[in-house]
Amino acid sequence: MIVPWPGAVAPGQDTVSEAHAKQWAEQQAREQLIQRLGLPTEADALMDAFAHHLAETTGMLYAFVNLFLGEQTFVGLHNPHADSGHLILGRTMSREHGWCPAVVKRQRALPLPDVHASPRFSGNHVVDAVGIRAYFGSPLIHAETGITLGTVCTIDPEARPRTDARRLLNIVKASGTDVLNALTSGTGTSR
């Protein structure tokens with residue numbers, strides 16, 4: 001718990017835990033960096049193309065370029081065809097849902113060939129609402145600041161064999177590198 005200096009908190013005012021204060025500061029720094037870099041904060045044609053390529057390359061139904069703003073914001077999105085019988089996802093989601101929050105927090109890629117293989121990742125709004133069984137995500141870490149801007153990820157209702165997990169994770173990581181280069185080069189978005 002952060003202990004404020006005398007007079008810093010008025011009677012009746014809430015204090016925040018050190019963990020919440022740290023999360024808030026990280027989010028503020030992330031949003032300021034995204035604004036300073038001029039990154040897209042809504043649908044972007046080039047980021048959609050990256051997401052489409054990621055879905056094609058991995059053979060998974062959904063793919064995202066996800067910036068962590070007030071919500072997870074899918075500036076790049078690939079959905080299955082409208083007549084596929086699968087849910088069509090929107091461009092935002094709570095920062096509490098899915099597996100990307102874990103990727104942002106740990107600042108490392110996360111392979112989940114079968115989300116039900118780990119109780120920690122099995123109970124999730126996305127599992128229940130969309131019926132997802134496989135997730136592969138990689139963080140987008142700004143090299144100069146170390147700030148995680150968001151993620152690149154792909155999800156599917158079919159679990160993947162563990163024997164294919166390394167290949168899929170390598171594809172997602174390589175895609176993350178390409179996306180980060182496009183985002184931070186100043187020439188890679190279709191604003």
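Mentor: A nonpolar core is a set of buried Ala, Val, Leu, Ile, Met, Phe, Trp, Tyr and Cys residues joined through side-chain atoms within 4.5 Å, where buried means under 20% relative accessible area (1.4 Å probe, protein chains only). The model is predicted, so local features need pLDDT of at least 70 and side-chain atom pairs pLDDT 80 or more, while totals for chains, interfaces and linings use all residues. Residues are numbered from 1 along each chain as its sequence is written, and side-chain values use heavy atoms, without hydrogens and water.

Trainee: Which residues touch the most other members of the largest nonpolar core?

Mentor: This core has 30 residues. Elements giving it two or more residues are α1 (18–37), α2, β1, β5, β6 and α6; helices (H or I, at least four residues) and strands (E, at least two) are DSSP runs, numbered from the N terminus. The members touching the most others are M47, L67, F136, L140, L149 and V179.

Trainee: With which residues is V179 in contact, leaving aside its neighbours within four places in sequence?

Mentor: Contact means heavy atoms within 4.5 Å. On that basis, the partners of V179 are M47, F50, V65, L140 and V152.

Trainee: What is the angle between the planes of F64 and F74?

Mentor: Rings of Phe, Tyr and Trp (its six-membered ring) pair if their centres lie within 6.5 Å; planes under 30 degrees apart count as stacked, over 60 as edge-to-face and the rest as tilted. F64 is buried at 4% relative accessible area, and F74 is buried at 5%. F64 lies in β1 and F74 in β2 (residues 72–78), so their pair ties together parts ten residues apart in sequence. The pair is tilted, with centres 4.6 Å apart and an angle between the planes of 50°.

Trainee: How far apart are the ring centres of W99 and Y135?

Mentor: Both residues, W99 and Y135, are buried. W99 lies in the loop between β3 (92–93) and α3 (100–106), and Y135 in strand β5, 36 residues apart. Their planes meet at 40°, so the pair is tilted, and the distance between the ring centres is 5.4 Å.

Technical notes. Buried < 20%, exposed > 50% of the residue type's maximum accessible area, 1.4 Å probe, protein only.
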